[in-house]
Amino acid sequence: MSDLTRKTAVELSELMTAGEVSSVEITQAHLDRIGAVDGAVHAFLHVDSEGALAQAAAVDSRRAAGEELGPLAGVPLALKDVLTQDGVPTTAGSKMLEGWRPPYDATVVRRLKAAGVVILGKTNMDEFAMGSSTENSAYGTTHNPWDLNRIPGGSGGGSSAALAAYEAPLAIGTDTGGSIRQPGAFTGTVGVKPTYGGTSRYGLIALASSLDTPGPCARTTLDAALLHEVIAGHDPMDSTSIDQPVPAVVDAARRADVAGLRIGVVKELGGEGYQPGVEARFHEAVELLTKLGAEVVEVSCPHFEYALPAYYLILPSEASSNLAKFDAMRYGLRVGDNGENSAEKVMSLTREAGFGAEVKRRIMLGTHALSSGYYDAYYGQAQKVRTLIARDFTRAYEQVDVLVSPATPTTAFAIGDRIDDPIAMYKNDLCTIPSNLAGNAAASFPCGLADEDGLPVGFHVMAPVMRDDLLYQVGGALEAALAEQWGGVLMSKAPELEVTR
């Protein structure tokens, strides 16, 4: 493995600034790494080698001309295949969009390009972001680099696996119910869900519009903060975008000080159903933060136990509406258009062929929940529960600055273990869903390896709306303290992948 692929984004930036290496060399090293190991990992759906090298060469030219560049200029990144990139295949992990090349960039992508970030390609994901394991991708399952027989999380397993396999130092994910944080926990990487509205949804293929949030993924807290700063900010193209300054996330990551910070351990997110090794690493991390000067108390959020059923009414309802546009009439897959079938028949045949089992399940659930006579009983009640959960957060933040819990109840499970049990699969998101329903900021940071299986455990931090900086303050402090114990970040303990090329 090239030493360049082991470097953090900050280290790569420093090397380029010093003139010791070019962006083209860094990009080529990561493309070579993808070619060497992605046959086993399957993190990428499309690798844009030509485009990435052209972007890197442009950054090198600007640097050579003396242009002042941002801290991530020339650094490679893996992009989740749910965000549009002009001229690059974008499928959302579905046969419905196979071969589609968008004519425009998502706002997140436009900002990445403006910052000089080099986009390597598009990463695998559960179809239309519906899933917790990346097993629902129409293009095959992504494998966890820590153990290739296990899932990397979902829906953004491709982005987190690309980081853990050293195929990219940075990645972009989207988080609707935990799809950045849960894969981060399962792969020993950092995954951040910004405040809803803090990053633009323009150009994001919608799953649930009141929940979807693009966010940064990285191997270190500071790298994630630098990426967060690039992609965040108000966007007039998104009606839900918050018109406020971006929180000082980079300063917070560098400060990494929790002395005097009030931390609340959520009583309801632990106990029965949680893997002992996960709880052990979580409590050790809490104890470590206490030693660093944080004030830790237990906090009760009684309505969190209803978050899962509320979410699985709200999300399918919004998904059934958002996915209605995939009707074979405008773009994407078209089946049965032989001149004899009616438009309705073509639509039916196309949706039957183009959507996978999980997408169909959620469309049916959502359509039923929104149907006449059931709207108030299901969707309306779920929205009331959502309000109660938001009030739980409000009351909690009157007592503490941040809330913490395990990021997931267990470590990464075996591929195929839960694919036929939707309820067991949905329970992966027990800890992450409340923050999506409330719209506040949340993140998962590595906190060790579980005793039972030697797999990564995530430490989940939840902060008030537009206090994303607090996430990085806690994550940075925890990372620095654990690095002293481990002799580096958790990823340094990951097993080396066999070259498959």
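Contact here means that heavy atoms lie within 4.5 Å. The structure is a predicted model, in which local features need pLDDT of at least 70 and side-chain atom pairs count only at pLDDT 80 or more, while totals for chains, interfaces and linings use all residues. Residues are numbered from 1 along each chain as its sequence is written, and side-chain values use heavy atoms, with hydrogens and water left out.

An unreviewed UniProt entry gives the feature "active site" at Lys80, Ser155 and Ser179; such positions follow the numbering used here, feature names are shortened, and annotations may be inferred rather than shown by experiment. These residues are spread over 100 residues of sequence, yet they cluster in space, with a largest C-alpha distance of 10.9 Å.

Ser155 sits in the loop between strand E3 (118-123) and helix H6 (157-164). Helices (H or I, at least four residues) and strands (E, at least two) are DSSP runs, numbered from the N terminus. Ser155 has a relative accessible area of 0%, so it is buried (under 20%; exposed is over 50%, partly exposed in between, with a 1.4 Å probe and protein chains only). Leaving aside neighbours within four places in sequence, Ser155 is in contact with residues including Lys80, Asp126, Thr134 and Ser179. The side chains of Ser155 and Lys80 are joined by a polar contact of 2.8 Å (a pair of N or O atoms within 3.5 Å; within protein, one must be able to donate a hydrogen and the other to accept it, and residues adjacent in sequence count only if both atoms are side-chain atoms).

Ser179 lies in the loop between strand E4 (170-175) and helix H7 (181-187). Ser179 is also buried, at 6% relative accessible area. Its side chain reaches the backbone nitrogen of Ser155 at 3.0 Å.
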